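Here are my notes on this model, as numbered points. Please read them beside the coordinates.

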Amino acid sequence: MHRIERWGALDFVKAFGVLLMIVLHVVVWWYIPLDYGAKTISDKFFVFLPFLKFIGLFVIIIPITAGASLRFYLTKNKLIKVKNQKLKKIFNKSILLIIFGYLLNLLAWGKEEFLNWDVLQFVGVSMVLVALMAKFLPMSFFWVVGAFVLLSASFLRQILDNWKLNYFVAVFVSNNEGNFFWPFFPWFVFIIYGFLIADFYIKTRNRKKIYLKMAILSISILVVILYKRLLFFKEDITNIWGPGIFQAPALTLLGNISIFNLMLVMSALFLKDIKWNKYGILNSFSKGILWIYILHIVIGYHLVNIIKINFSASTFAMAIIAIILIFISYIIGV
């Protein structure tokens with residue numbers, strides 16, 4: 001049976017998101033004295049804030065690419081067959097992701113933050129759930145689950161408010177305490193959408209028509225969201241990684257998905273003739289995303305604090321650190 005080649009447009013979106021992730025993290029770490037937030041920060045941070053909100057649109061879509069990658073991992077053929085052996089491999093890899101997530105907390109932020117729920121834990125558990133869905137349920141069920149997760153998040157937060165300090169409840173819907181990121185409701189919809197979009201890519205021959213429909217639908221959604229002023233996340237400097245991002249409204253997340261769609265379409269149209277260098281920055285950032293994320297967080301967070309405290313807190317020094325971390329991330333990817 002014919003096998004699908006690697007999806008270059010998806011690789012570009014992933015690599016671009018990783019590059020911007022490094023920049024976003026450095027700027028926030030540089031100006032926010034505590035990891036979660038602060039009551040007072042440098043006025044310079046507010047100069048960067050519109051820029052951060054804009055590039056955040058591209059950083060936050062990385063979990064979509066994780067869902068798409070899982071679909072390709074299961075099989076590059078049209079028919080999905082999740083054998084027990086492959087399911088076991090996914091389970092083992094997911095356990096490793098969760099372990100890496102908690103070790104990352106320890107190495108970057110210390111034992112007080114060890115139990116923080118973050119993106120690696122979220123992706124690890126999500127991979128198992130999606131693989132089980134693919135094994136036992138039809139693809140049409142994915143749309144139902146995705147819609148339910150997206151639309152029910154706000155309601156679930158309300159009815160579970162009295163239990164929001166419970167660890168497992170916070171994993172599902174997050175809370176305002178500042179140590180539960182990427183809750184299943186609503187972010188699991190990103191993993192599901194990535195899986196679905198990759199499934200369409202594998203099964204569809206006339207991809208130009210699919211790209212056109214994606215572009216039209218995404219632009220239409222963005223027009224509505226821009227009119228309602230819900231495209232960008234709501235910032236709160238006292239809880240910068242808090243509910244303004246991780247408890248975002250459903251329309252904001254639809255806007256993020258629309259941004260992903262448009263990036264994918266433009267990448268497919270304008271990069272179709274590009275030759276992917278094995279050791280090029282795009283290929284390295286795309287395929288090395290896991291280790292780039294882990295080592296960038298650990299190295300970057302400590303490096304930022306060392307330079308700020310002992311050498312310089314200037315914007316120029318911040319820019320140099322960002323360039324250094326981009327270079328280190330490239331080497332890791334290679």
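1. Of the contacts in the protein with a separation of 6 or more, 79% join residues 24 or more positions apart; contact means heavy atoms within 4.5 Å. The model is predicted: local features need pLDDT of at least 70, side-chain atom pairs count only at pLDDT 80 or more, and totals for chains, interfaces and linings use all residues. Residues are numbered from 1 along each chain as its sequence is written, and side-chain values use heavy atoms, with hydrogens and water left out.

2. The protein has 14 helices and 0 strands, where helices (H or I, at least four residues) and strands (E, at least two) are DSSP runs numbered from the N terminus. Its radius of gyration, taken over C-alpha atoms, is 20 Å, close to the 20 Å from the globule rule for 334 residues, so the protein is as compact as a globular protein of that length. The rule is 2.2 Å times the number of residues to the power 0.38.

3. Buried residues (under 20% relative accessible area, 1.4 Å probe, protein chains only) make up 52% of the 334. One of them is Ser 152, at 8%, in helix α6 (residues 139-159). The Ser 152 side chain reaches the backbone oxygen of Phe 148 at 2.5 Å.

4. Helix α9 gives the largest share, 4 residues.

Note on methods
Buried means under 20% relative accessible area, exposed over 50%, partly exposed in between (1.4 Å probe, protein chains only). A polar contact is a pair of N or O atoms within 3.5 Å; within protein, one must be able to donate a hydrogen and the other to accept it, and residues adjacent in sequence count only if both atoms are side-chain atoms.
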